[in-house]
Amino acid sequence: MGPRSVALPGVSVAALGGGHGLFASLAALRRVVGDLTAVVTVADNGGSSGRLRGEFGVLPPGDLRMALAALCGDDDWGRTWAEVLQHRFAGDGEMRGHVVGNMLIVGLWELMGDHVPALDWVGRLLGAQGRVLPMAVTPMDITADVRVAEGDGEELVHVRGQVEVASTSGRIVNIQLDPPDPDACPEAVATVRAADWVVLGPGSWYTSVIPHLMVPELRRALVESDARVVVVLNLADQPGETAGYGPEDHLDALLEHAPDLRIDTVVADEGAVGDSGGVRAWVATHGARLVLADVAVGDGSPRHDPAKLAGVFERLMG
């Protein structure tokens with residue numbers, strides 16, 4: 001497989017997040033930059049990932065698998081392997097619900113005994129146009145303090161687990177990791193420190209984006225790096241995590257968990273923002289730049305269009 005042609009071959013980017021949000025940013029960035037690394041949240045406790053985590057005591061592989069699929073090329077090889085990686089078994093037996101890619105990753109972890117080389121081997125098999133790393137190598141849980149309605153008032157309750165935090169009916173006050181100081185992936189820390197740009201978001205704000213800011217060594221790398229930090233805002237608030245949030249509320253939540261984070265640019269969909277006065281005031285106050293553009297797929301669903309987002313990244317980072 002020969003070298004691929006990209007618009008910005010000399011630009012290095014670290015994209016942080018997880019799930020469908022990180023998938024969207026990676027699918028855009030791989031079209032534009034030559035040096036791309038995904039740093040992935042690894043705290044999932046549900047579905048196939050949760051089952052494998054519980055049975056083998058490993059990091060949950062699901063978000064890592066999705067990131068690898070996003071980095072597959074647009075040729076027959078890339079499309080085929082992306083589909084294989086994402087294939088979920090049906091049937092009524094014990095394999096029901098498991099995903100091929102999750103089992104491939106866990107199998108290589110068992111054989112090699114090291115997270116990073118195993119993920120690199122999966123990437124080589126797929127012809128991935130970039131690298132995938134876990135944000136930490138310590139199994140962890142996400143917990144949250146949540147305000148829930150109780151009679152005529154509110155009660156502060158503690159919620160444990162990524163699935164439980166993501167589906168809470170209350171308003172999240174803050175999140176924590178358990179343990180609070182998981183071992184950061186050394187390669188992820190080095191990547192963030194060396195990057196030209198770091199992209200945060202889009203994605204589930206409290207369970208995919210903010211957890212990176214809660215890993216002490218990774219947060220320190222983000223704060224001390226010379227990389228310019230780009231925050232890509234979601235297209236809508238998310239029931240169970242950010243219900244009722246506007247753009248500036250999402251940004252405030254980042255700084256509440258990492259007050260010393262310096263944000264260079266905020267990317268938002270012009271149709272999703274509505275009245276942009278609030279977010280314009282926020283970026284002006286914090287010395288950031290606002291980029292408003294059409295980055296939605298256009299079918300009414302709150303999903304980013306990788307091609308449109310790639311155009312924004314190319315203009316921004318070029």
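The largest pocket has a volume of about 990 Å³. A pocket here is an open set of points on a 1 Å grid over the protein atoms alone, where a 1.4 Å probe fits, with protein on both sides within 12 Å along at least five of seven lines. Grid points are joined across faces, edges and corners, and the volume is the space filled by probe spheres set on them. Lining residues have an atom within 4 Å of a point. The pocket is lined by 47 residues, and Gly 19, His 20, Gly 21, Phe 23 and Met 66 are the closest to its centre. Two or more lining residues come from each of helix 1 (19-29), helix 2 (47-56), helix 3 (62-70), helix 4 (76-86), helix 7 (162-166) and helix 9 (205-209). By class, the lining holds 15 nonpolar, 20 polar and 12 charged residues. Ala, Val, Leu, Ile, Met, Phe, Trp, Tyr, Cys and Pro count as nonpolar, Asp, Glu, Lys and Arg as charged, and the others, Gly among them, as polar.

The model is predicted; local features need pLDDT of at least 70, side-chain atom pairs count only at pLDDT 80 or more, and totals for chains, interfaces and linings use all residues. Residues are numbered from 1 along each chain as its sequence is written, and side-chain values use heavy atoms, without hydrogens and water.

The protein contains 14 helices and 10 strands. These are DSSP runs numbered from the N terminus (helices: H or I, at least four residues; strands: E, at least two). Of the 318 residues, 56% are buried, meaning under 20% relative accessible area with a 1.4 Å probe, protein chains only.

Strand 9 (residues 265-269) is mostly covered, with 5 of its 5 residues buried. Thr 265, Val 267 and Asp 269 point one way, Val 266 and Ala 268 the other. In a regular strand the side chains alternate between the two faces of the sheet. Strand 9 pairs in the parallel sense with strand 8 (residues 228-232) over 3 bridges; pairing requires at least two DSSP bridges. Val 267 is the bridge partner of Val 232. Strand 10 (residues 289-293) also runs parallel to strand 9, joined by 5 bridges. There, Val 266 is partnered by Leu 290.

Two cis peptide bonds were examined. One joins Asp 178 and Pro 179, with omega about 5°. Pro 179 lies in the loop between strand 6 (171-178) and helix 8 (186-194). Another joins Gly 201 and Pro 202, with omega about 0°.

Technical notes. Buried < 20%, exposed > 50% of the residue type's maximum accessible area, 1.4 Å probe, protein only.
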